[in-house]
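I opened this entry to keep a record of what I looked up in the model, going from the whole chain down to single residues.

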Amino acid sequence: MGKKIAYLTVDDSPSKLMKEKVDYLLSKSIPAVFFCRGDFLEKRMKDVVYAIKNGFIVGNHAYSHKRFSELNLKDIKIEITKTDAFIEKAYKKAGIERTIKCFRFPYGNSGGKNKEKIQKFLETKGYKKQILRGITYDWWDEFDNRVDTYWTFDIREYEIHREKFSEINSIKDVFNHLKDKSPKRGGSLIASDSAEVILIHDHEETHKIFKKLIDRLTEMEIEFRLPESSPL
Ligand SMILES: [Zn+2]
């Protein structure tokens with residue numbers, strides 16, 4: 001097995017502790033995409049500007065983190081557009097050109113009956129499919145054809161606090177999941193050569209294990225890269 005390549009994505013930023021995460025990743029030379037909620041971005045622009053200045057990519061994670069299948073198309077467009085404007089402002093404040101426009105659906109919910117229309121709308125807003133080299137999972141084809149950025153490996157650390165009937169109930173379970181050879185969904189960090197899009201969250205309640213999780217990924221000799229935007 002060759003060295004595993006991964007694209008690190010951090011969702012639900014910016015929390016009050018985002019800057020600490022940015023500094024930790026910087027200290028480890030790990031690049032990442034922070035998918036930001038518009039409502040949080042509006043309140044904590046400063047830390048997002050700091051992340052951009054330090055080479056991180058900021059992506060759009062909608063305004064208020066609602067399930068798109070439960071919203072009408074008009075409201076979905078507002079969710080995307082409002083957040084896009086805040087991201088634009090953050091890049092301007094950072095004095096960095098925004099070369100990558102990427103989007104991640106809250107809960108990975110692609111919008112139900114509006115799915116196609118949302119993909120088209122994202123394109124009209126300048127969002128583009130990201131080039132994520134080296135992902136070889138058959139099931140990825142569906143996601144590879146979409147404008148939004150999905151993931152292949154969900155760290156699932158949030159389940160400790162959020163899901164009652166999950167098999168992940170403790171910090172130990174989260175770390176064991178990193179070594180799962182045949183997970184029920186998604187890829188495997190140790191049983192496949194494929195590149196991965198790793199999903200972790202900027203939640204305050206799991207902040208204390210963020211650094212440990214990053215350390216463990218580093219010990220697994222994962223090489224982190226940033227996605228590239230596909231040409232027009
Ligand atoms: Zn989210």
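The notes below follow the order in which I looked things up.

**Whole chain.** I am working with a predicted model, and I began with its secondary structure, where I counted nine helices and eight strands in the protein chain. The radius of gyration comes out at 17 Å, close to the 17 Å that the globule rule gives for 232 residues, so the chain is as compact as a globular protein of that length. I also took the box filled by the C-alpha atoms along the principal axes, and it is roughly 40 × 40 × 35 Å.

**Burial, contacts and surface.** I then looked up burial and found that 55% of the 232 residues count as buried. For contacts between residues at least 6 apart in sequence, I noted that 76% join residues at least 24 apart. The chain exposes about 11300 Å², of which carbon and sulfur atoms supply 50%. On charge, I recorded 44 positive and 37 negative side chains, with the centres of the two sets lying 4 Å apart.

**Zinc site.** Which residues coordinate the zinc ion? I found Asp12 through OD, and His61 and His65 each through NE2, at 2.0 to 2.1 Å. Along the chain these donors follow the spacing D-x48-H-x3-H.

**His65 in more detail.** Although His65 is not a glycine, its phi is positive, at about 55 degrees. Its relative accessible area is 11%, and because buried means under 20%, His65 counts as buried.

I checked omega here and found a cis peptide bond joining Ser13 and Pro14, with a value of about -5 degrees. Pro14 itself is found in the loop between strand S1 (5–13) and H1.

Which residues of helix H3 (residues 45–53) are buried? I listed Met45, Asp47, Val48, Val49, Ala51 and Ile52. I then asked what covers them, and the cover includes helix H1 (18–27), strand S2 (33–36), helix H2 (38–43), strand S3 (57–60) and H4. Just after H3, I noted that Gly55 takes a positive phi of about 90 degrees.

**The loop between H4 and H5.** I finished with two residues of this loop, starting with Tyr107, which is found between H4 and H5. Phi of Tyr107 is near 60 degrees, again a positive value in a residue other than glycine. With 46% relative accessibility, Tyr107 counts as partly exposed. Lys113 lies in the loop between helix H4 (73–94) and helix H5 (115–124) as well. Is Lys113 buried or exposed? Its relative accessibility is 78%, and since exposed means over 50%, Lys113 counts as exposed. I also looked up its separation from Asn72, which is 41 residues away along the chain, and the two C-alpha atoms are separated by 9.7 Å.

Definitions and conventions: Residues numbered from 1 in each chain as written. Predicted model: local features only at pLDDT ≥ 70, side-chain atom pairs only at ≥ 80, totals over all residues. Heavy atoms only, no water. Donors = N, O, S within 2.8 Å, 3.2 Å for Na, K, Ca; no water. Helix = DSSP H or I, 4+ residues; strand = E, 2+ residues; numbered from the N terminus. Rg over C-alpha atoms; globule rule 2.2 N^0.38 Å. Buried < 20%, exposed > 50% of the residue type's maximum accessible area, 1.4 Å probe, protein only. Contact = heavy atoms within 4.5 Å. Areas by Shrake-Rupley, 256 points an atom, 1.4 Å probe, with all protein chains shown as cover. Lys, Arg positive; Asp, Glu negative; His and termini not counted. Charge placed at Lys NZ, Arg CZ, Asp CG, Glu CD.
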